Amino acid sequence: MRESQMKKIIASAVAVAFAAPVLAADITISGDQEFTWQDSNGASETALDGDFNIKATTETANGLTVSADINVSAAAGDDGSASLTIAGPFGSIDAGDTSSALDAVDDVTDWGYVLTNGTPNEDAAILWTLPSMMEGLSLYASFSAETNTAANSSSDATTESNGFAGKYSVGDLSVRMGVNDNKDATEQNYVGVTYSFAGVGLAAEQYVSTDAAGVDTDTDSMSLTYSTGDITLAVETQKESSAGATSADITTMGIHYGLGGGVTAFVENTDDEQDATAETTAIGVTFAF
């Protein structure tokens, strides 16, 4: 056999050896791109927001499912939520820049693409989804260290914390509760409920953040959505108050129209009764793939 042929065979064997671990993993790519034209009290601007997600999943010899999740922004930067997940009889452990236990059950009123608010819960370094104990019940625990991974620290988690949350669903009704206890003597509590029927979706949630001095800031949100065919009409109200004073009283309305193929056109408008300069209208289109 000639030397050149031998070199080609060796090179092919090395390439296969390196490719085999990659081929053993199930790799998926997903993402979205969104363009909006926004008008805020007569001042207009455009915005483009996109990202893609690469997820690789494999199974170990002892039956554990392991996944790597990488999110990249349209500008080729870190888009957050990168993590390593290990799942088995113990449930699922998501480690890196991940949701906190409260994040796992909140934002039930946040139906919008641009202008809705949801609740301001923090991320965590580890989220443990416990194994199922009864039908309809989901339990979560989350943990963050004093110093977390670079991606996590640049996101939300800024202090050592422990969080616990649960969700119970029966039929079209879902009830959610959670608490996050922080080392800096602050605390967050959450309760939410959703109910749906005949194309109508109702949701309400309360988020209470308690500072180190024991002062509560309440964020109360409600939403109503109605879907018929490809059209969804929606409204969200949110009020933020502390020590008897209201700092925000926001109403957001929207129309979403599904064009098919993952494409949705939308119009959203928001207004804050506590801020005369806060009215904003957003017109846009988004493509999820």
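Predicted model: local features only at pLDDT ≥ 70, side-chain atom pairs only at ≥ 80, totals over all residues.

## Aromatic pairs

Three aromatic pairs are found when the whole structure is searched. One of them joins tyrosine 195 and phenylalanine 197 in a tilted arrangement, with 5.8 Å from centre to centre and 35° between the planes. Tyrosine 195 counts as partly exposed because its relative accessibility is 39%. Phenylalanine 197 is likewise classed as partly exposed, at 39% relative accessibility.

Phenylalanine 287 and phenylalanine 289 form another tilted pair, in which the centres are 5.6 Å apart and the planes are at 40°. Phenylalanine 287 has a relative accessible area of 37% and is therefore partly exposed. For phenylalanine 289 the relative accessible area is 46%, so this residue is also partly exposed.

## Overall organisation

The protein chain contains two helices and 16 strands. Of its 289 residues, 31% are buried. Among contacts in the chain with a separation of 6 or more, 42% are made by residues 24 or more positions apart.

## The largest nonpolar core

The largest nonpolar core has nine residues in all: Ala101, Leu102, Val105, Val108, Leu127, Tyr140, Ala165, Tyr190 and Ala203. With residues up to four places away in sequence left out, tyrosine 140 touches a set of residues that includes the core members Ala101, Val105, Leu127 and Ala165. The contacts of tyrosine 140 also include Ala104, Trp128, Thr129, Leu130, Gly163, Phe164 and Lys167.

Glutamate 205 is located in strand S11, which spans residues 200–210. This glutamate is buried but has no salt bridge. The nearest side chain of opposite charge belongs to arginine 176, at a distance of 7.2 Å. A salt bridge requires the nitrogen and the carboxyl oxygen to lie within 4 Å.

At 36% relative accessibility, leucine 202 is classed as partly exposed.

When residues up to four places away in sequence are not counted, leucine 202 touches Val193, Thr194, Tyr195, Phe197, Ser223 and Leu224. These contacts include tyrosine 195 and phenylalanine 197, the two partners of a tilted aromatic pair.

## Positive phi angles

Most residues other than glycine have a negative phi. Asparagine 41 has a positive phi near 50° and is not a glycine. Asparagine 41 lies in the loop between strand S1 (26–40) and strand S2 (43–59), and counts as partly exposed at 44% relative accessibility.

Aspartate 107 also has a positive phi, of about 60°, without being a glycine. The loop that holds aspartate 107 runs between strand S5 (91–99) and strand S6 (123–129).

## Salt bridges around lysine 183

Side chains of opposite charge can pair when their charged atoms come close. The count of salt bridges comes to two. In one, lysine 183 meets glutamate 146 with 3.1 Å from N to O. This pair links distant parts of the chain, 37 residues apart: lysine 183 is in the loop between strand S9 (173–182) and strand S10 (187–197), and glutamate 146 is in the loop between strand S7 (137–144) and helix H2 (150–153). Lysine 183 is exposed at 54% relative accessibility, and glutamate 146 is exposed with a relative accessible area of 55%.

Lysine 183 also forms a salt bridge with glutamate 160, with the closest N and O atoms 3.5 Å apart. Because glutamate 160 lies in the loop between H2 and strand S8 (161–170) and lysine 183 in the loop between S9 and S10, the pair ties together parts 23 residues apart in sequence. Glutamate 160 counts as partly exposed, at 31% relative accessibility. Through shared partners, the salt bridges join Glu146, Glu160 and Lys183 into one network.

Methods:
Residues numbered from 1 in each chain as written. Heavy atoms only, no water. Phe/Tyr/Trp six-rings, centres within 6.5 Å; stacked < 30°, edge-to-face > 60°. Buried < 20%, exposed > 50% of the residue type's maximum accessible area, 1.4 Å probe, protein only. Core = buried A, V, L, I, M, F, W, Y, C linked by side-chain atoms within 4.5 Å. Contact = heavy atoms within 4.5 Å. Helix = DSSP H or I, 4+ residues; strand = E, 2+ residues; numbered from the N terminus. Lys, Arg positive; Asp, Glu negative; His and termini not counted.
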